[in-house]
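Please look over the sequence and the model shown here before reading on. The briefing that follows takes up the surroundings of the ligand and then a group of strands.

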Amino acid sequence: MRHIAIFGGTFDPIHNGHLRSAVEVREELAADELWLLPSNRPPLRDRPTASSEQRLAMVMAAVHGEPGVRVDARELLRDTPSYTVDTLSEIRAEVGEDIALTLVVGSDALNKLHQWHDWQRLLSLANILALGRPDYELQLDAAVADQLGKAACDKSQLGLQSRGGFCELKLVQLAISATDIRERLVGGQSVRYLLPDAVIDFINQQQLYRR
Ligand code: ATP
C-alpha cells in the first residue's frame, strides 16, 4: 500500500527539529512520501510573524532536493482558518481510499488535540503518529487518550492500514523551537546550525524577525 505521512506546522521559521523529524519519520515508517503542510492561520495560535509567502519560501528552500519530501501549500492558498480535519478530507478525496495516510503531530501539539475542530474524526481519515519532543511530555486530554489508546498499534502497522491507527515514535531529540530562533534573531544572536543556511540566507535577505 502506498503510504504518505503528513507533517503540518506554522514553520515560522522551519528549523532542524522539524527537518530531522521529517527525514526520520519517513525512514522509520518506510513511507513513500512525507508532505510538509505549512498552515495558514492556525486557529489556536497567534498570527505567524512571517507572511504565508515567506514561510512557504523557507520551507521550499529547506527541503529542496530532499528525496521523498514534498511541500503541500494548499492551506496557504485558503483565506480561512486551517482545520486539519478539512485538509485531511480533501487529501483523502484526492488520493483515494486505499492509501495509508499518517498525520504526524509533535507531543506539544497533540496535548492540545481536544481543542482541534472535529478532532474525533481525524482517525476516520488517517493514522496518527505522535512525535516525542524534548521538554514536552505527552499529557493527553482524557477523551483523546481514550480514543488514541483504542487505536494504538505498532509503527509497522501504519503503512498497512489506510487510517485509524495510532503510534508514538521517539526520534533523535533536538530541542530547537521556532520561538527560540525568533527570540535569538530579535536579540541579534546567531542562529547558525539551528536551521539550514538557505533559510538563514532568506531571513537575512528579507530582514525577517528583526526588532
Ligand atoms: P513555535 O516555537 O513557534 O511554537 P515550533 O518550533 O513548535 O514553533 P511549529 O511550526 O509550531 O514549530 O511545529 C510544527 C510541528 O513540529 C508540531 O507538531 C511540533 O510539535 C513539531 N516540532 C517542532 N519542533 C520540534 C522539534 N524540535 N522536534 C520534534 N518536533 C518538533
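**Around the ligand**

The ligand is surrounded by 18 residues, of which Gly-9, Gly-17, Gly-106, Ala-178 and Thr-179 are the closest; a residue is near a molecule if its C-beta atom, placed from the backbone, lies within 6 Å of it. This is a predicted model, in which local features need pLDDT of at least 70 and side-chain atom pairs count only at pLDDT 80 or more, while totals for chains, interfaces and linings use all residues. Residues are numbered from 1 along each chain as its sequence is written.

- At least two residues of the shell come from each of helix H1 (16-29), strand S4 (100-106), helix H5 (107-110) and helix H9 (178-186), where helices (H or I, at least four residues) and strands (E, at least two) are DSSP runs, numbered from the N terminus.
- H1 supplies the largest share of this shell, three residues.

**Strand S2 and its partners**

- Five of the six residues of strand S2 (residues 33-38) are buried, so S2 is largely enclosed by the rest of the structure; buried residues have 20 or more other C-beta atoms within 10 Å of their own, with C-beta atoms placed from the backbone.
- Strand S1 (residues 3-9) pairs with S2 in the parallel sense over six bridges, pairing being counted if DSSP finds at least two bridges between two strands.
- Gly-9, one of the residues closest to the ligand, has Pro-38 in S2 as its bridge partner.
- S2 also pairs with strand S3 (residues 69-71), in the parallel sense over three bridges, and Leu-36 stands opposite Val-71 in S3.

How values were computed
A residue is buried if 20 or more other C-beta atoms lie within 10 Å of its own, exposed if 12 or fewer, and partly exposed in between; C-beta atoms are placed from the backbone.
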